[in-house]
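These are my notebook entries on one protein chain. I set down what I looked up, topic by topic.

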Amino acid sequence: TSTREFQISMFGNNRKGDKFEDWNKAYVQMIMSRGFMSGQDMYRGVKSICETYQNHQRFPKIDTNDREGMYEMILDFKEKANIALEPIQLHIKDCQEEVKQNPDNEMYTQYYVMAPMYENEAVAKLQRVYGDPELEWLKLVCTHLIENTEDRVGNQNELINLCREGGNNSANKKLNVTEADKALKTFIDDGYLVKIKGSRKGFKIGLGSRFIMEMDGWLEKNFEEELNKCGVCDRIALIYTQCSNRKCEVRFHLPCVDKGRKDPKCNRCREPLKLEGVASKRS
């Protein structure tokens with residue numbers, strides 16, 4: 001990270017001819033140090049950067065209490081950062097959670113991640129942070145959720161017990177149940193797995209937004225036949241709503257179509273979409 005921060009600090013102008021200012025560097029360093037941020041954290045972080053530099057003569061004039069203006073500033077920071085990051089094969093991605101972690105939430109949570117641009121680098125990034133037994137268990141969880149469940153979520157104990165299938169890694173070590181439980185909590189904290197509140201008491205575990213954004217290339221390579229793309233954003237959709245028109249059957253992320261409209265419709269055939277009680281379906 002320090003090497004990459006040094007590279008970023010050495011950038012002069014980006015390809016559009018805009019100077020990569022100190023506030024742009026502060027934005028990159030903020031997300032680089034955290035790796036993964038919620039939309040709320042991003043908003044607060046960018047607001048803090050704006051307040052720090054607002055008296056600089058070249059800093060854009062902005063009212064930090066104007067939410068619309070702040071969202072435009074976030075987009076501008078992200079665009080300029082990605083131009084600057086391209087030479088070192090990193091980019092900042094964002095997406096909304098596929099399903100609300102808490103059904104009572106009014107909106108879907110937005111997430112931002114700094115991710116490698118290529119699949120092998122994304123895998124190497126995980127290998128630098130986690131041990132082989134933990135990553136093997138995460139891979140077992142991912143495979144189970146995609147190939148063996150209809151709704152792409154699983155029971156906590158069921159997923160922890162997948163550790164019994166491990167041991168085929170460079171350390172020749174299986175996680176025990178206690179270690180797998182600890183790994184589960186770590187991957188949830190780091191955004192690679194997510195806890196989803198059910199309609200009844202209890203929680204289910206699914207793949208987190210960070211995993212889907214960072215590992216999209218790996219997912220497409222290893223689960224091509226099991227995956228679908230969203231008809232709006234063209235990104236991987238694990239949990240989705242499907243057009244009921246059998247001649248269409250386009251899939252959509254819930255946040256891509258659940259925009260508060262009374263009757264959301266398929267963007268291809270205009271058939272009404274069902275949003276209540278949605279679960280993903282395997283092709």
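**Entry 1: two residues with positive phi.** I began with D234, which lies in the loop between β7 (228-229) and β8 (236-237). I took helices (H or I, at least four residues) and strands (E, at least two) as DSSP runs, numbered from the N terminus. The phi of D234 is near 65°, a positive value in a residue other than glycine. Is D234 buried or exposed? D234 counts as exposed because its relative accessibility is 52%. Here buried means under 20% relative accessible area, exposed over 50%, and partly exposed in between (1.4 Å probe, protein chains only).

I then turned to R270, in the segment after α11 (254-257). Its phi is near 70°, again positive in a residue other than glycine. R270 has 52% relative accessibility and therefore counts as exposed.

**Entry 2: basis of the values.** I noted that the model is predicted, that local features need pLDDT of at least 70 and side-chain atom pairs pLDDT 80 or more, and that totals for chains, interfaces and linings use all residues. Residues are numbered from 1 along each chain as its sequence is written, and side-chain values use heavy atoms, with hydrogens and water left out.

**Entry 3: the chain as a whole.** I recorded eleven helices and ten strands. Of the 283 residues, 44% count as buried. The chain exposes about 16,000 Å², of which carbon and sulfur atoms supply 43%; accessible areas come from the Shrake-Rupley method with a 1.4 Å probe, and for residues only the protein chains shown count as cover. Among contacts (heavy atoms within 4.5 Å) between residues at least 6 apart in sequence, 55% join residues at least 24 apart.

**Entry 4: helices α3 and α4.** I looked up how helix α3 (residues 39-53) meets helix α4 (residues 67-85): their axes come within 10 Å and cross at roughly 90°. Axes are lines fitted to C-alpha atoms, for helices over the stretch in contact, and angles run from 0 to 180 degrees between N-to-C directions. The two helices α3 and α4 are therefore roughly perpendicular, a term for angles of 65 to 115 degrees. On the α3 side I found M42, Y43, V46, K47, I49 and C50, which meet R67, M70, Y71, M73, I74 and F77 in α4. The residues of this contact are ten nonpolar, no polar and two charged. Ala, Val, Leu, Ile, Met, Phe, Trp, Tyr, Cys and Pro count as nonpolar, Asp, Glu, Lys and Arg as charged, and the others, Gly among them, as polar.

**Entry 5: helices α2 and α4.** The axis of helix α2 (residues 22-34) also comes within 10 Å of that of α4, crossing at roughly 85°. Helices α2 and α4 are therefore roughly perpendicular. W23, N24, Y27 and V28 of α2 make the contact with I74, F77, K78, K80, A81 and L85 of α4. I counted seven nonpolar residues, one polar and two charged in the contact of α2 with α4.

Entry 6: In which order do the three strands of the open sheet lie? The order is β4-β6-β5, with antiparallel pairing; two strands pair if DSSP finds at least two bridges between them. The edge strands, β4 (153-154) and β5 (193-197), each pair on one side only. Between β5 and β6 (residues 203-207) I noted five bridges, and V194 has G206 in β6 as its bridge partner.

Helix α6 (residues 132-148) lies across β4, β5 and β6, at about 100° to β6. Helix α8 (residues 177-189) packs on the sheet, touching β5 and β6, and its direction makes about 90° with that of β5.

Definitions and conventions: Parallel < 35°, antiparallel > 145°, perpendicular 65-115°, else oblique.
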